[in-house]
Amino acid sequence: QVQLVESGGGLVQPGGALRLSCAASGSIISINDMGWYRQVPGKERDLVATITSGGSTNYADSVKGRFTISRDNAKFTVYLQMNSLKFEDTAVYYCYALATAFGYATRNYWGRGTQVTVSS
């Protein structure tokens with residue numbers, strides 16, 4: 001199947017920046033969409049940003065102009081550059097990939113999440 005591993009989370013002050021990475025590995029045939037969701041305790045997991053294999057992007061209104069999603073198709077890796085971070089960006093950030101693996105139907109795969117905390 002496909003495994004996703006996120007990295008780059010941590011503690012940052014308001015106005016600061018972080019860069020998240022998510023690398024996919026396994027018996028991958030292809031990856032279509034990749035992206036990031038985030039979740040705070042007691043709430044649903046919300047879309048942050050997505051990117052297609054062709055590079056088309058989509059962002060939640062709350063992060064437009066501050067976050068940038070990108071990917072390296074050769075490395076099966078997606079990135080999220082987060083600038084001008086706000087308190088309300090604090091959450092666990094989850095990476096996902098719509099991928100096809102040998103012997104499996106195309107489906108969404110999820111990482112385990114990385115904590116981002118914005119605090120002074």
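This is a predicted model: local features need pLDDT of at least 70, side-chain atom pairs count only at pLDDT 80 or more; totals for chains, interfaces and linings use all residues.
Colleague: How many residues are in the largest nonpolar core?

Modeller: The largest nonpolar core has 32 residues. Trp36, Leu80, Met82 and Tyr93 have the most contacts inside it.

Colleague: Which strands supply at least two residues each?

Modeller: Strands β1, β3, β4, β5, β7, β8, β9 and β11 each do that.

Colleague: And which one gives the most?

Modeller: Strand β9 gives the most to this core, with six residues. In soluble globular proteins, nonpolar side chains tend to be buried together.

Colleague: New topic. How many disulfides does the structure hold?

Modeller: The structure holds one disulfide. Cysteine 22 is joined to cysteine 95, with an S to S distance of 2.0 Å.

Colleague: Is cysteine 22 buried or exposed?

Modeller: Cysteine 22 is buried, at 0% relative accessibility. Cysteine 95 is buried too, with a relative accessible area of 0%.

Colleague: Is the disulfide left-handed or right-handed, and why?

Modeller: The disulfide is left-handed, because the torsion about the S-S bond of cysteine 22 and cysteine 95 is about -75 degrees.

Colleague: Now arginine 38. Where does it lie?

Modeller: Arginine 38 lies in strand β4. Its relative accessible area is 13%, and buried means under 20%, so arginine 38 counts as buried.

Colleague: What does its side chain make a polar contact with?

Modeller: The side chain of arginine 38 makes a polar contact with the side chain of aspartate 89, at 2.9 Å. Leaving out residues up to four places away in sequence, the residues arginine 38 touches include Glu44, Asp46, Phe67 and Tyr93.

Definitions and conventions:
Residues are numbered from 1 along each chain as its sequence is written. Side-chain values use heavy atoms; hydrogens and water are left out. A nonpolar core is a set of buried Ala, Val, Leu, Ile, Met, Phe, Trp, Tyr and Cys residues joined through side-chain atoms within 4.5 Å. Buried means under 20% relative accessible area, exposed over 50%, partly exposed in between (1.4 Å probe, protein chains only). Helices (H or I, at least four residues) and strands (E, at least two) are DSSP runs, numbered from the N terminus. A disulfide is a pair of cysteine sulfur atoms within 2.5 Å. A polar contact is a pair of N or O atoms within 3.5 Å; within protein, one must be able to donate a hydrogen and the other to accept it, and residues adjacent in sequence count only if both atoms are side-chain atoms. Contact means heavy atoms within 4.5 Å.
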